[in-house]
Amino acid sequence: MLAVSRLQATRDDRVLFTGLSFAMQPGDILQIAGPNGTGKTTLLNRLVGLGGFDEGEVLWDNRPVHEDPVAFRRRFSYLGHSLGLKALLTPLENLAFLLRLRDLEPGASALMAALARVGLAGYEDVPVAHLSAGQKRRVGIARLFLEKAPLWVLDEPFTAIDQAGVRALEGWLVEHAGQGGMIVLTTHHLFPESFPLKRLDLSDYCPEAH
């Protein structure tokens with residue numbers, strides 16, 4: 001379980017949000033919403049350790065994550081604006097490299113299967129520099145399947161993905177949650193009314209909004 005308690009974050013001496021608390025259980029999909037500048041990306045970045053909070057605490061299974069950040073790192077997969085792909089490497093090579101950074105070596109057949117699942121069969125050996133923005137995003141999504149972390153932290157995951165890919169990604173989110181995973185994401189995507197989504201508006205925690 002992920003829980004955050006009374007978080008505060010500042011950027012350039014401006015308080016973005018304060019007093020932010022929420023908890024997630026297995027199966028939850030939580031959208032972090034709010035106008036531009038309320039700190040949505042900042043929240044996700046700092047949740048995964050890319051910077052710290054001024055106040056408050058992040059807990060995993062009731063244990064502060066700062067007590068064992070390496071263990072917490074194994075519990076989440078992060079997909080941000082920057083996908084971390086090397087332009088001269090192929091999707092296959094990029095995935096193998098990124099997974100080795102997490103001490104994971106799933107094998108070539110698993111890598112191929114993940115790429116096929118996201119619609120990149122036949123592109124495994126094409127340098128990433130020759131892929132479209134949407135195809136690069138699909139390489140990042142394939143990494144989520146291979147890392148097998150319970151928590152997905154996704155910053156605008158629908159960016160540059162075509163309509164068929166959008167429907168597929170919606171299904172993958174529901175599937176991950178249905179298997180006991182958790183997802184916290186930012187997105188401007190409009191989900192169907194039936195989508196099992198919880199929503200948290202960061203502007204409710206922004207001092208300038210009150």
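Hi everyone, let's start with a pair of helices: the axes of α3 and α5 come within 10 Å and cross at roughly 45°. That makes α3 oblique to α5, where angles under 35 degrees count as roughly parallel, over 145 as roughly antiparallel, 65 to 115 as roughly perpendicular and the rest as oblique. What we are looking at is a predicted model, with pLDDT of at least 70 needed for local features and 80 or more for side-chain atom pairs, while totals for chains, interfaces and linings use all residues. Residues are numbered from 1 along each chain as its sequence is written, and side-chain values use heavy atoms, leaving out hydrogens and water.

A few words on terms. The axes are lines fitted to C-alpha atoms, for helices over the stretch in contact, with angles running from 0 to 180 degrees between N-to-C directions. Helices are DSSP runs (H or I, at least four residues), as are strands (E, at least two), numbered from the N terminus.

Back to our pair. On the α3 side, the contact (heavy atoms within 4.5 Å) uses Pro91, Leu95, Leu98 and Leu99, and α5 brings Val139, Ala142, Arg143, Leu146 and Glu147. By class, that gives 7 nonpolar, no polar and 2 charged residues. Here Ala, Val, Leu, Ile, Met, Phe, Trp, Tyr, Cys and Pro count as nonpolar, Asp, Glu, Lys and Arg as charged, and the others, Gly among them, as polar.

Pro91, Leu92, Leu95, Ala96 and Leu99 in α3 meet Leu111, Met112 and Leu115 in α4. That contact has 8 nonpolar residues, with no polar and no charged ones.

To close the set, α4 (residues 108-117) and α5 (residues 133-147) have axes within 9 Å of each other, crossing at roughly 130°. α4 and α5 are therefore oblique to each other. Ala110, Leu111, Ala114, Leu115 and Arg117 of α4 touch Ala142, Phe145 and Leu146 of α5.

Finally, the wider view. The chain is divided into domain 1 (1-75 + 150-209) and domain 2 (86-148), with bounds from an automatic or database domain assignment. Their centres, taken over C-alpha atoms, are 24 Å apart, and 16 residues of domain 1 contact 11 residues of domain 2. Thanks, everyone!
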